[in-house]
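Hi everyone, thanks for making time today.

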Amino acid sequence: SRDIILPDSSRGAYDAFHFAPGVRVGDLVVLSGQIGTTASGQIPKDAAEEFRNAWNAVGAVLNAAGLNFDAIVEYTTFHVGLREHLATFMKVRDEFIQEPWPAWTAIGVSELAVPGARVEIRVMAKRGASLRGDT
């Protein structure tokens with residue numbers, strides 16, 4: 001069976017764009033790409049703030065699934081201006097994810113669905129597969 005993971009903060013996007021923020025199949029939780037908008041739906045001018053907002057959005061979906069950042073086994077990031085912002089992204093990422101590191105793929109793209117967005121984070125997590133041994 002398939003369970004939709006839908007934090008209250010994602011209800012608007014779910015209704016408007018017809019996609020789930022996360023889906024659980026057994027112990028696997030797959031998150032749709034999360035972007036770093038503000039509460040009003042704007043992209044912050046500061047890249048670090050945008051990246052932090054995106055990771056917080058990831059955290060909200062994980063939390064709604066009963067998981068935390070330690071359950072991440074793989075993530076893919078899509079970057080507009082990859083080389084320009086990668087160091088800042090990695091510094092902010094390290095506020096949320098720590099060793100032992102999950103698998104990661106970073107992809108440079110020309111644009112994202114939300115105009116002005118610099119990053120989208122897609123995550124795969126697994127209940128009971130914490131890299132630190134706790135969930």
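**A short tour**

Let's begin with Val123, a residue in strand S6. Please keep in mind as we go that this is a predicted model. Is Val123 buried or exposed? Its relative accessibility is 0%, so Val123 counts as buried. And what does Val123 touch, once we leave aside neighbours within four places in sequence? The contacts are Val29, Val30, Leu31, Val58, Ile72, Glu74 and Tyr75. Leu86 is another matter: 37 residues away along the chain, its C-alpha atom is separated from that of Val123 by 18 Å.

Now let's step back to the core. Nonpolar side chains tend to be buried together in soluble globular proteins. Here, the largest nonpolar core has 25 residues. Those with the most contacts inside this core are Trp55, Val58, Leu62, Phe69, Ile72, Ile121 and our friend Val123. Which elements each supply at least two residues? They are S3, H2, strand S4 (72-79), helix H3 (82-93) and strand S6 (119-126). H2 gives the most, with eight residues.

Next, the aromatic rings. How many aromatic pairs does the structure hold? There are eight.

The largest pocket has a volume of about 650 Å³. Its lining is made by 23 residues, and Ala13, Phe19, Gln34, Ile35 and Thr37 lie nearest the centre. Helix H1 (11-17), strand S3 (28-34) and helix H2 (47-64) are the elements that give two or more residues to this lining. Which element provides the largest share? That would be H2, with five residues. Sorted by class, the lining has 11 nonpolar, 11 polar and one charged residues.

In the loop between H1 and strand S2 (22-25) you'll find His18. Phi of His18 is near 60°, a positive value in a residue other than glycine. His18 is also exposed, with a relative accessible area of 67%. Further along, the peptide bond from Glu99 to Pro100 is cis, with omega near -5°. Pro100 sits in the loop between H3 and strand S5 (103-108).

That brings us to our last stop, Gly108, which is found in strand S5. Gly108 has 48% relative accessibility and counts as partly exposed. Leaving out residues up to four places away in sequence, Gly108 touches His79 and Leu82. Between Gly108 and Phe78 there are 5.8 Å, C-alpha to C-alpha, although the two are 30 residues apart in sequence.

Definitions and conventions:
Residues numbered from 1 in each chain as written. Predicted model: local features only at pLDDT ≥ 70, side-chain atom pairs only at ≥ 80, totals over all residues. Heavy atoms only, no water. 1 Å grid on protein atoms, 1.4 Å probe; cavity = no way out; pocket = protein on both sides within 12 Å on 5 of 7 lines; lining within 4 Å. Points joined across faces, edges and corners; volume = space filled by probe spheres on them. Helix = DSSP H or I, 4+ residues; strand = E, 2+ residues; numbered from the N terminus. Nonpolar A, V, L, I, M, F, W, Y, C, P; charged D, E, K, R; others polar. Core = buried A, V, L, I, M, F, W, Y, C linked by side-chain atoms within 4.5 Å. Buried < 20%, exposed > 50% of the residue type's maximum accessible area, 1.4 Å probe, protein only. Phe/Tyr/Trp six-rings, centres within 6.5 Å; stacked < 30°, edge-to-face > 60°. Contact = heavy atoms within 4.5 Å.
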